[in-house]
Amino acid sequence: MAIEDIKKKVLVTGGAGFIGSKLVHVLLERGVKVKVLDTQAGALRTETNPNLQFLGIGSESVSGGMADRDLVRQAVEDVDVIYHLAINWNGHTWKHELPVADLFNTNIGGTLNLLDAARSHNTRHFILSSSCTVYGETKTKIVGEDTVCNPELWEGDVGPAYGILKLTTEKLCLLYYHQYGLPVTAFRIEYVFDDNDAIPSSSIIENLRKEETIEVKDSDGYGSIHVDEVVQAFLSPP
Ligand SMILES: NC(=O)c1ccc[n+]([C@@H]2O[C@H](COP(=O)([O-])OP(=O)(O)OC[C@H]3O[C@@H](n4cnc5c(N)ncnc54)[C@H](O)[C@@H]3O)[C@@H](O)[C@H]2O)c1
C-alpha cells in the first residue's frame with residue numbers, strides 16, 4: 001500500500017530496533033502516525049515526535065510486548081498497516097542464549113497474537129521482516145522463491161533455530177492469507193548494514209572508488225543490503 005493511502009496509523013513491532021527505528025523515522029518524516037510495540041525505547045529513546053506512540057516499553061522481553069495478547073490487540077486496533085520486525089533474539093549478537101522453547105514461545109506466540117489481531121481488525125497490509133536464512137545450506141549459489149528451504153542444515157552464524165523460526169513465521173502469515181484473506185508480504189532479507197558497518201569491506205570500497213580491479217574473496221562475497229534500501233523496499237507498494 002502506498003504511504004498516501006494510509007488513513008489511520010502504522011504499527012511497527014520491534015520499531016525501536018536497528019531496522020525498525022530507521023523505518024519509523026522515515027514514516028514520521030512523511031507525516032504518518034506511527035505506533036511502536038517494543039519492550040525498550042532503544043534507538044527511539046530521544047524521539048519526541050507527537051505522531052509517535054509507544055506500547056510495551058519496559059515490559060519483559062520473553063513474556064511481555066508481543067507475547068502479551070491484550071497489548072497486541074490494543075496495538076493493532078486503529079492501524080491500516082503492520083510492519084512485523086520484533087524479534088527476541090538477544091539483540092545484535094545473533095547468538096541466542098534463551099532456551100529454544102522460550103525463543104519459539106515468545107516469537108511464534110507473539111506472531112500469532114499479531115496475526116489474529118490483524119485478522120479481527122481487518123488490517124489492510126501485514127509486512128513481515130523475514131530472512132534469507134530460511135534457505136539454510138543450498139546446492140546452488142543463486143536462490144529464488146522456489147528454492148528448497150533447509151534452515152535446519154545451516155551451520156554458520158546465526159544458527160539453524162533462527163532460520164526455522166523465520167520460515168515458521170512466514171508459513172503462519174501464509175496460513176492467515178489463505179485461510180482468512182489477510183494481505184501479507186514477507187521480505188527475505190540478507191545481512192543488513194548501515195554507514196557504520198564495513199560491509200562490503202573498506203578495501204573493496206576503496207578500490208571501487210579508485211576504479212581499480214577488485215578481487216572478492218569468498219569471505220567478502222556474501223550478500224548484504226544497506227538499511228536504507230530495506231526501508232525503501234518496505235515502503236514500496238507491492
Ligand atoms: N539485521 C539484519 O541483518 C536482519 C536480516 C534479515 C532479517 N532481519 C529481521 O528484521 C527484523 C529487525 O531486525 P533488527 O536487526 O532491527 O533487530 P533488532 O534486534 O535491532 O530489533 C528487534 C527489536 O525487537 C524488540 N523486541 C524483543 N522482544 C520483544 C517483545 N517480546 N515484544 C516486542 N518487541 C520485542 C527488541 O527490543 C528490538 O528493539 C527482525 O525480525 C530480524 O529477524 C534482520
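The shell around the ligand in this predicted model has 18 polar, twelve nonpolar and one charged residues. Gly14, Gly17, Phe18, Gly65 and Asn88 come nearest among the 31 residues around the ligand. The elements giving two or more residues to this shell are α1 (18-29), α3 (100-120), β5 (125-131) and β7 (191-193). Of these, α1 supplies the largest share, with three residues.

**Overall chain**

- The chain contains six helices and eight strands.
- Along the sequence these elements follow the pattern β-α-β-β-α-β-α-β-α-β-β-α-β-α.
- The radius of gyration is 18 Å, close to the 18 Å that the globule rule gives for 238 residues, so the chain is as compact as a globular protein of that length.
- The C-alpha trace spans about 55 × 35 × 35 Å along its principal axes.

**Helix packing: α3 with α4**

- Two packed helices are described by the angle between their axes and the distance between the axes.
- For α3 and helix α4 (residues 160-180), the angle is about 20° and the axes lie 11 Å apart.
- Because angles under 35 degrees count as roughly parallel, α3 is roughly parallel to α4.
- The crossing of α3 and α4 is right-handed.
- On the α3 side, the contact is made by Val100, Leu103, Phe104, Asn107, Ile108, Thr111, Leu112, Leu115 and Arg119.
- On the α4 side, the contact is made by Ala161, Leu165, Thr168, Thr169, Leu172, Cys173, Tyr176 and Tyr180.
- By class, the residues in the contact of α3 with α4 are twelve nonpolar, four polar and one charged.

**Helix packing: α2 with α3**

- Helix α2 (residues 69-76) also packs with α3: their axes come within 9 Å and cross at roughly 40°.
- The crossing of α2 and α3 is right-handed.
- From α2, the residues Arg69, Val72, Arg73 and Val76 take part, and they meet Asn113, Leu114, Ala117 and Ala118 of α3.
- The contact of α2 with α3 divides into five nonpolar, one polar and two charged residues.

**Helix packing: α1 with α6**

- The axes of α1 and helix α6 (residues 227-235) cross at roughly 60° and come within 10 Å.
- This angle makes α1 oblique to α6.
- The crossing of α1 and α6 is right-handed.
- In α1, the residues Ile19, Lys22, Leu23 and Val26 meet Val227, Asp228, Val230, Val231, Phe234 and Leu235 in α6.
- In the contact of α1 with α6, eight residues are nonpolar, two are charged and there are no polar ones.

- Helix α1 gives three residues to the shell around the ligand and packs with α6 through residues including Ile19 and Leu23.
- Helix α3 is one of the elements giving two or more residues to the shell around the ligand; α3 also meets α4 through residues including Val100 and Leu103, and α2 through residues including Asn113 and Leu114.

Terms used. Residues are numbered from 1 along each chain as its sequence is written. This is a predicted model: local features need pLDDT of at least 70, side-chain atom pairs count only at pLDDT 80 or more; totals for chains, interfaces and linings use all residues. A residue is near a molecule or strand if its C-beta atom, placed from the backbone, lies within 6 Å of it. Helices (H or I, at least four residues) and strands (E, at least two) are DSSP runs, numbered from the N terminus. Ala, Val, Leu, Ile, Met, Phe, Trp, Tyr, Cys and Pro count as nonpolar, Asp, Glu, Lys and Arg as charged, and the others, Gly among them, as polar. Axes are lines fitted to C-alpha atoms, for helices over the stretch in contact, and angles run from 0 to 180 degrees between N-to-C directions. Angles under 35 degrees count as roughly parallel, over 145 as roughly antiparallel, 65 to 115 as roughly perpendicular and the rest as oblique. A crossing is left-handed if the near helix is turned anticlockwise from the far one by less than a right angle, and right-handed if clockwise. Two residues are in contact if their C-beta atoms, placed from the backbone, lie within 7 Å. The radius of gyration is taken over C-alpha atoms; the globule rule is 2.2 Å times the number of residues to the power 0.38.
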